Amino acid sequence: MSTCATASRDLSEPLAGTAAPASTWLLVEQPGPWGTEALTASRLDPAVGRALERAAEGTGVRVALIRRPGRHADLHTGARHRVFVAHTRPGGSWIRTTALDDPARLLGLDLAALGAGDPGGLTLRPHEPHQPHEPHDPAAWEEYTGDPLVLVCTNGKRDRCCALLGRPLAGELTASGVHSTWEITHIGGHRFSPTLVVLPYGYTYGRATAQGVKDVIEALRHGRVVTDGCRGRSAWERPGQAAELAVRELTGEDGADALTVVRTEGEAPVWSVTVAHRDGRAWRVSVAQLAAAPPRPESCGLPLGSPARMEVVGIRTARRPAHGVRAMAAGRL
């Protein structure tokens, strides 16, 4: 039976510029089944999920649920929720983690500060008088120093491709020793399944294989990025993602933090994106938004459509913008 991922692959749909924009990710462990809108359709208190979703609007923070891969993922086991907050900007990426009995305490987070990369936003809502205190509270957040987190999209209620292709990949990675693997609810782009995001760098990949993911992790251990199968860095909006990858292809630069999108001008369907290298070089990249043809399903069960794709139509060297010019803020897909 045909799927949206099969159609996308058969049409050789480009991957660049398709990652979900997010400067910072807030990941909350929630075992058990996930509905289509997982934050409000899972064993997480829907009021908490809804409040986190509302609080994140306009901050650059993307909230998602995670769970460990395996056949026990649907069992309601354990009351503790592992939480990760990961900031993805080049040169300033970080991950902090904690474990909570009550995810409602996350409503104390300053999501605007976290979206801007300030760990000072890692506050927790005070305990209710009738609730037990968390261990080590209030200094509950710890720096995460393990391998890059690998978050594989597996929410079959959102799109069956994520379950059919994502869950086997997550299981294979875990079985082969990639212990930093988690399943995640939704990162956009079902038709590129299996798809995943690697944190704290925020690089997103599509049509992934277990060996390809291992290559990505090994490269990132040495501060390098693999561009094969890369959809873009979530720190940037989609035009910036396409522009950064185009500069990498042009120059062969693979340093994960070597390039920064420092300015994006214009609006759909044409943008001018300035990408700067840490050595002082800069490029002006022209990016156009085009309708993908022929029509294809953007997600299983949806009618045929023409999803927007980013196409780089020109690159030229440019003067580096003045110090202090800020990158285009990341939003939500």
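I note that the model is predicted.

I then searched for the charged partner of Asp147. A salt bridge links Asp147 to Arg221, with 2.7 Å between the closest N and O atoms. Asp147 sits in the loop between β5 and β6 while Arg221 belongs to helix α5, so the pair ties together parts that are 74 residues apart in sequence. I recorded Arg221 as partly exposed, at 47% relative accessible area.

Arg221 also forms a salt bridge with Glu218, where the closest N and O atoms are 2.6 Å apart. Both lie in helix α5, three residues apart, which is about one helical turn.

I next examined Arg167 and Glu183, a salt bridge with closest N and O atoms 3.4 Å apart. It ties helix α4 to strand β7. Arg167 is partly exposed at 27%, whereas Glu183 is buried at 1%. In total I noted 13 salt bridges in the structure.

I turned to the open sheet of four strands, which has the order β11-β12-β13-β16 and antiparallel pairing. β11 and β16 stand at the edges with a single partner strand each, so one side of each has no neighbour in the sheet. I found nine bridges between β13 and β16, and Ala288 opposite Glu311 in β16.

Finally, I located Val312 in β16. Together with Leu250 and Ile315, Val312 makes a nonpolar surface patch of about 220 Å². Val312 itself is partly exposed, at 31%.

Methods. Residues numbered from 1 in each chain as written. Predicted model: local features only at pLDDT ≥ 70, side-chain atom pairs only at ≥ 80, totals over all residues. Heavy atoms only, no water. Pairing = 2+ DSSP bridges. Helix = DSSP H or I, 4+ residues; strand = E, 2+ residues; numbered from the N terminus. Patch = residues over 30% accessible without salt bridge, like charges linked within 9 Å, V, L, I, M, F, W, Y side chains within 5 Å. Areas by Shrake-Rupley, 256 points an atom, 1.4 Å probe, with all protein chains shown as cover. Salt bridge = Lys/Arg side-chain N within 4 Å of Asp/Glu carboxyl O. Buried < 20%, exposed > 50% of the residue type's maximum accessible area, 1.4 Å probe, protein only.
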